[in-house]
Amino acid sequence: MKEFRTCPQCGYKHGFHIFFKETEGKLTIGLICPNCAQSYEPDWIVNNVTNPFAPKESKRF
């Protein structure tokens, strides 16, 4: 397999959205089909991230 672009569940052929999930102190990246909402978790782990869900200070000019 060279690409994972088509959803095996519904056949949608235009790629996926991504989602982030925090599990056991690790941040993982998953794929979700924008057509049928089937999700796939390919075991992609994000390293060296400091709490991406924390509110950020807004910069005013």
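In what order do the three strands of the open sheet stand, and is the pairing parallel or antiparallel? In this predicted model, the strands follow the order 1-2-3 with antiparallel pairing. A search of the whole structure also finds three aromatic pairs, and Phe-4, Phe-16 and Tyr-40 form one aromatic cluster.

**Sheet**

- Strand 1 (17-23) and strand 3 (39-46) each have a single partner strand, so they stand at the edges and one side of each lacks a neighbour in the sheet.
- From one strand to the next, the twist averages 30°.
- Seven bridges pair strand 1 with strand 2 in the antiparallel sense; within strand 2, Ile-29 is the bridge partner of Phe-20.
- The hairpin of strand 1 and strand 2 has two residues between the strands, and Glu-24 in this hairpin takes a positive phi near 50°.
- Strand 2 (residues 26-32) runs antiparallel to strand 3 and is joined to strand 3 by five bridges; Leu-27 stands opposite Val-46 in strand 3.

**Aromatic pairs**

- Among the three aromatic pairs, that of Phe-4 and Phe-16 is stacked, at 5.0 Å centre to centre with 10° between the planes.
- Both Phe-4 and Phe-16 lie in the segment before strand 1, so their pair ties together parts twelve residues apart in sequence.
- Phe-4 and Tyr-40 form an edge-to-face pair, because their planes stand at 85°, with the ring centres 5.5 Å apart.
- This second pair links distant parts of the chain, since Phe-4 is in the segment before strand 1 and Tyr-40 is in strand 3, 36 residues apart.

**Accessibility**

- Phe-4 counts as partly exposed at 34% relative accessibility.
- Tyr-40 is buried, its relative accessible area being 19%.

Key
Residues are numbered from 1 along each chain as its sequence is written. This is a predicted model: local features need pLDDT of at least 70, side-chain atom pairs count only at pLDDT 80 or more; totals for chains, interfaces and linings use all residues. Side-chain values use heavy atoms; hydrogens and water are left out. Two strands pair if DSSP finds at least two bridges between them. Helices (H or I, at least four residues) and strands (E, at least two) are DSSP runs, numbered from the N terminus. Axes are lines fitted to C-alpha atoms, for helices over the stretch in contact, and angles run from 0 to 180 degrees between N-to-C directions. Rings of Phe, Tyr and Trp (its six-membered ring) pair if their centres lie within 6.5 Å; planes under 30 degrees apart count as stacked, over 60 as edge-to-face and the rest as tilted. Buried means under 20% relative accessible area, exposed over 50%, partly exposed in between (1.4 Å probe, protein chains only).
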